[in-house]
Amino acid sequence: MSATRLAAAAIRDIQLDGDGRLRHFLDVDGLDSVLLSEILDSAEHLRGVADQQVKKVPLLRGKTVVNLFFENSTRTRTTFELAAKRLSADVLNMNIATSATTKGESLLDTLRNLQAMQCDMFVVRHASSGAAHFIAQHVAPHISVINAGDGWHAHPTQAMLDVFTIRRHKGDFAPLSVAIVGDILHSRVARSQIHALNALGCAEVRVVGPRTLLPRDVESLGVRVFHRMDAGLEGCDVVIMLRLQRERMQGALLPSADEYYNEFGLTAKRLARARPDAIVMHPGPTNRGVEIEAGVADGPQSVILEQVTNGIAVRMAVMSLCMGNAARGAELGA
Amino acid sequence: MSRLTIRGGRLLDPASGRDEIADLHIADGQIAAIGAPPAGFDADEHIEADGLWVAPGLVDLWARLGEPGHEQRGTIASESRAAALGGITTLACAPDTDPVIDETATVELIHHRAAQAGYARVHPIGALTRGLEGRQLAEIATLRAAGCVAMSNADTPIRDTRVLRRAMEYAASFAIPLLVNPKDAFLAEGGCAHEGPVATRLGLPGIPVAAEAVAMAQRLELVAQSGARVHFSRLSSARGVDLLRQAQRDGLPVSGDVAIHNLHFTEADLAGYDALCHVLPPLRSAADRDALREAVADGVLLAICSNHAPLESDAKLAPFPQTEPGISAFDAMLPLLLQLGEEMGWSPLQTLRPATRAPAQLLGLDAGTLAVGGAADVLLIEPRAEWIFSRAAMHSRGRNSPCEGRSLRGRLHRVLLGGRSL
């Protein structure tokens, strides 16, 4: 087995129970299309909840979900909170500044304290790659951990809501060509999207960006690499723009925001390179005039706001699946 | 003192090339004779060594003991004992202590504590620059006179190439070995794993091979100009080995070593974010590991060191990038060395040389050999014993070893330190 396959296999072990069912959701890497489709189908079903008079289902009634955010994120935390509430769970939001918990002991102490309060699910965001994995290794067996973003590594619920949105528009993944544009190096979203799209059988996943923003050996993730925007967008069905963090403008990754926009910004003219029915996606929040033209972000091909709506259904699906499997496991174990 | 005869073992001495079944006689802590006993020699004790290897104690070029400054990780007493019980009877300890080894008082403290403990013979490596800060030279001649066996700036690269040049030239004036871990500070900054497919998949900030190669190329140019003797400490990449091999062909006075775990583990072992494999220099690709093994085989790398770094358990209890790098290596050093020799098809002498005579010679120490008249630091090894490594059974205070559950072949039967059974 190659080094990378081994790495994927080891991660797979911890998020699945003995029967191969999801009990944590840490990473898309290593999950197969059957499991991913189960999440998507469940999300499809739960999407209807928002249209009901009473926007609630009792799947997580009596459960306590803790949003454990070591890194600030209003948007992701809000959608997780809404998802948990629509599943009838009690929700506790904890924003823990990373500066206060740079040491591992305090992270473990935080966990142990919350565990002692008999919480059932941790939704974790952390600046270090592997943090959700680390937490999943150290929680009690009945607790389920959902990764809401760890370092540069993974943001699996974001990737699932993206493929959910793609499936709603395009149906079958097999003929699709998807371009992911921008800062792949620092992007947990891109890594998870690449794994999800490949697992679901996408014909081609492309990454587009300057060499400074692409990780070494990125081809090993199963992508075609483009350094120029026009070639990268040619004939593709889906364009996913990544957010460019302001701090990337410092140092020597990029010369300026202007040059980045000139070379890699998604304008209406550039979008014309893609198929006429191509959809435009962005994990948000968008930097208009940095990575995307305002007219494109708000234009007819954009599905950016729909992604936000879908995010709630997908997170409901993931939470209910994991919690159900964890509870079943705990009962069988007892 | 007592007189002792080790009977019928397979004597292995890489220094002399001796590989034969013979008796070894020890008197007053020294090797008195090999083969026939000296006239009038009457042993108080006999050790039957049928089927055992009788080898010199290992010599380690690079180890951290924790003390002074990090006693929660290990002390000179705890780690020099762990070393000796692991078959390492002589070791050089790194200068990145707190305070760093840049004053004679610290050298004396280490000598004193090691003598008190009475286990492995500990030789401090002096800091090349004060506080390892890379600005002002440390008192190299004074430190040498106090007993430092080599100088090094440890894992802190000297960024200023003019300071680096002067440090190399000054150390060369006093004929003291210079141990250099080649690492470009800028290219390595923030990294915690080999920059390659595994780090890319796991989203870990990488340390590119170029961090090692660029620093080596720069230092080799300074060697070519100054003639200073430089030993590259703990190489990690095939590219680094290539540069060293070429420099040796060009006739430059350079040598190198590699840490034992970099000869067995690779980036693949980081799977699942195993923080026990978080170490500097990082575990690189299988191709790098194989090139390092070949370089030991053909002598481009003359030594294998432990790169021992005991850590308290909390140091590894965090998400991978936030954990402390380091492996507690003393306990697995000898079995991993024997396994390496077996996997490479080396003779026992070939296997032992890079961890005994070669490093001792580099440091100018009278160790790592079974010479008559020398200290009786002798290992009795069961070469074919099979056992499972267990962290719970480690002697080092630091239990941070990635070898848990690994099945190993070859284990220590007994260690004699100055003729005394441990």
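**Close-up 1. Glu312(B) and its contacts in a predicted model.** Let us start with one residue of this predicted model. Which residues does Glu312(B) touch, once its neighbours within four places in sequence are set aside? They are Gln72(B) and Arg73(B). Glu312(B) sits in the loop between β15 (303–305) and α10 (330–344) of chain B. Is Glu312(B) buried or partly exposed? Its count is 18 other C-beta atoms within 10 Å, so Glu312(B) is partly exposed; a buried residue would need 20 or more. Now look for Val300(B): 12 residues separate it from Glu312(B) in sequence, and their C-alpha atoms are 35 Å apart in space.

**Close-up 2. Asn307(B), a residue of the loop between β15 and α10 of chain B.** Asn307(B) is not a glycine, yet its phi is positive, at about 55°. As background, most residues other than glycine have a negative phi. With 27 other C-beta atoms within 10 Å, Asn307(B) is buried.

**Close-up 3. Asp217(A), another place to look at phi.** Here phi is near 60°, a positive value in a residue other than glycine. Find Asp217(A) in the loop between β6 (204–208) and β7 of chain A. Asp217(A) has 17 C-beta neighbours inside 10 Å and therefore counts as partly exposed.

**Close-up 4. A hairpin in chain B, formed by β2(B) and β3(B).** Strand β2 (residues 18–27) and strand β3 (residues 30–34) of chain B pair in the antiparallel sense, over 4 bridges. How many residues lie between these two strands of the hairpin? There are 2 residues between β2(B) and β3(B), and Asp28(B) in the turn has a positive phi of about 55°. Ala27(B) stands opposite Gln30(B) in β3(B).

Close-up 5. Pro99(B) belongs to the loop between β7 (88–93) and α2 (104–117) of chain B. Pro281(B) is in the loop between β14 (254–259) and α9 (286–297) of chain B.

**Close-up 6. An open sheet of 4 strands in chain A.** Trace the strands in the order β2-β1-β3-β4; their pairing is parallel.

**Close-up 7. An open sheet of 5 strands in chain A.** In this sheet the order is β7-β6-β5-β8-β9, again with parallel pairing. Which strands are at the edges? They are β7 (224–226) and β9 (279–281) of chain A, each pairing on one side only. Neighbouring strands are turned by 20° against each other on average, direction ignored. Strand β5 (residues 177–181) and strand β8 (residues 238–241) of chain A run parallel and share 4 bridges. Ile180(A) stands opposite Ile240(A) in β8(A).

**Close-up 8. Two helices of chain A packed at an angle of about 50°.** Helix α6 (residues 156–170) and helix α7 (residues 188–199) of chain A have axes 8 Å apart. The two helices are therefore oblique to each other, and α6(A) passes α7(A) in a right-handed crossing. Residues of α6(A) that take part include Pro156(A), Met160(A) and Val163(A), while those of α7(A) include Val189(A), Ala196(A) and Leu197(A).

**Close-up 9. Val239(A) in the largest nonpolar core.** This core has 245 residues, and Val239(A), Met319(A) and Val54(B) touch the most other members. Helix α12 (residues 304–333) of chain A gives the largest share of the core, 12 residues. Beyond residues up to four places away in sequence, Val239(A) touches several others, among them Ala179(A), Leu233(A), Leu271(A) and Met281(A).

**Close-up 10. Where chain A touches chain B.** The contact takes 32 residues from chain A and 26 residues from chain B. On the chain A side, α1 (3–15), α4 (104–116), α5 (131–138) and α7 each supply at least two residues. Which of these gives the most? It is α1(A), with 7 residues.

Technical notes. Residues are numbered from 1 along each chain as its sequence is written. Chains are lettered from A and ligands numbered from 1 in the order in which they are written. This is a predicted model: local features need pLDDT of at least 70, side-chain atom pairs count only at pLDDT 80 or more; totals for chains, interfaces and linings use all residues. A nonpolar core is a set of buried Ala, Val, Leu, Ile, Met, Phe, Trp, Tyr and Cys residues joined through C-beta atoms within 7 Å. A residue is buried if 20 or more other C-beta atoms lie within 10 Å of its own, exposed if 12 or fewer, and partly exposed in between; C-beta atoms are placed from the backbone. Two residues are in contact if their C-beta atoms, placed from the backbone, lie within 7 Å. Two strands pair if DSSP finds at least two bridges between them. Axes are lines fitted to C-alpha atoms, for helices over the stretch in contact, and angles run from 0 to 180 degrees between N-to-C directions. Angles under 35 degrees count as roughly parallel, over 145 as roughly antiparallel, 65 to 115 as roughly perpendicular and the rest as oblique. A crossing is left-handed if the near helix is turned anticlockwise from the far one by less than a right angle, and right-handed if clockwise.
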